[in-house]
Amino acid sequence: MRDISALAFFSFLISPFSFNPMLKYLTYDIVFQEFPDEVTLAVNLSLCPNKCPGCHSSILMGDIGEVLDAKVLIALAEKYRGEITCVALMGGDNDPEMVQSVLLEVKQHFGATLKTGWYSGCQELPKRFNPAAFDYVKVGPYREALGALKERTTNQRFYRVEADGTLTDLTHRFWR
Ligand code: SF4
């Protein structure tokens with residue numbers, strides 16, 4: 001994660017529970033472990049509504065960062081074209097329809113050259129889940145007693161979304 005400015009942190013303090021139906025991002029990184037076999041541009045979204053006890057990034061609950069739409073995400077991914085194999089949204093449970101819409105546009109722009117992923121903190125996928133937008137999805141809030149994805153006791157699940165829309169559970173790929 002990149003540095004967070006004092007102004008941004010102040011913004012978190014004064015409005016930590018905003019549920020605007022829009023996406024905002026705070027930071028992004030190239031990651032190698034969150035999506036097995038992929039080099040992923042992972043974009044960390046704020047406005048998280050999940051309030052997991054023991055949250056690893058509580059600042060992401062705040063109304064903070066820059067607005068993220070398809071144009072912004074495509075421009076970010078274009079910067080790393082040829083270096084990444086996947087682009088992912090980490091969060092966005094305040095507006096899952098926007099998550100789907102943005103990733104569908106990414107797919108239309110990059111075609112088969114770039115996969116898409118989503119880390120949701122909800123236990124279930126949204127009612128109007130559109131598998132066409134995703135190659136991978138992770139579901140499940142962080143439960144300290146159960147551990148994150150790398151723990152065999154975890155409540156979280158990581159799926160590959162197949163072409164026919166079915167989900168293949170790949171959670172075991174995170175276990176040593
Ligand atoms: S989903 Fe992630 S960012 Fe949101 S409260 Fe839970 S641990 Fe924190």
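This is a predicted model: local features need pLDDT of at least 70, side-chain atom pairs count only at pLDDT 80 or more; totals for chains, interfaces and linings use all residues.
Although Q33 and F174 are 141 residues apart along the chain, their C-alpha atoms are separated by 8.3 Å.

Five of the five residues in β4 (residues 86–90) are buried, so the strand is largely enclosed by the rest of the structure. Side chains in a regular strand alternate between the two faces of the sheet. In β4, C86, A88 and M90 point one way while V87 and L89 point the other way, and all are buried.

The pairing of β4 can be followed to two other strands. Strand β2 (residues 40–45) runs parallel to β4 and is joined to it by five bridges; among these contacts, V43 has L89 as its bridge partner in β4. Strand β5 (residues 115–119) also pairs with β4 in the parallel sense, over five bridges, and here C86 finds its bridge partner in K115 of β5. From β4 the chain passes through helix α3 (residues 96–110) to reach β5, making a right-handed β-α-β crossover.

Turning to the ligand, its surroundings comprise C48, N50, K51, C52, C55, H56, S57, L60, M61, G121, P141 and Y142. Sorted by class, this shell holds seven nonpolar, four polar and one charged residues.

How values were computed. Residues are numbered from 1 along each chain as its sequence is written. A residue is buried if 20 or more other C-beta atoms lie within 10 Å of its own, exposed if 12 or fewer, and partly exposed in between; C-beta atoms are placed from the backbone. Helices (H or I, at least four residues) and strands (E, at least two) are DSSP runs, numbered from the N terminus. Two strands pair if DSSP finds at least two bridges between them. A crossover is right-handed if, with the strands pointing away from the viewer, the path from the first strand over the helix to the second runs clockwise. A residue is near a molecule or strand if its C-beta atom, placed from the backbone, lies within 6 Å of it. Ala, Val, Leu, Ile, Met, Phe, Trp, Tyr, Cys and Pro count as nonpolar, Asp, Glu, Lys and Arg as charged, and the others, Gly among them, as polar.
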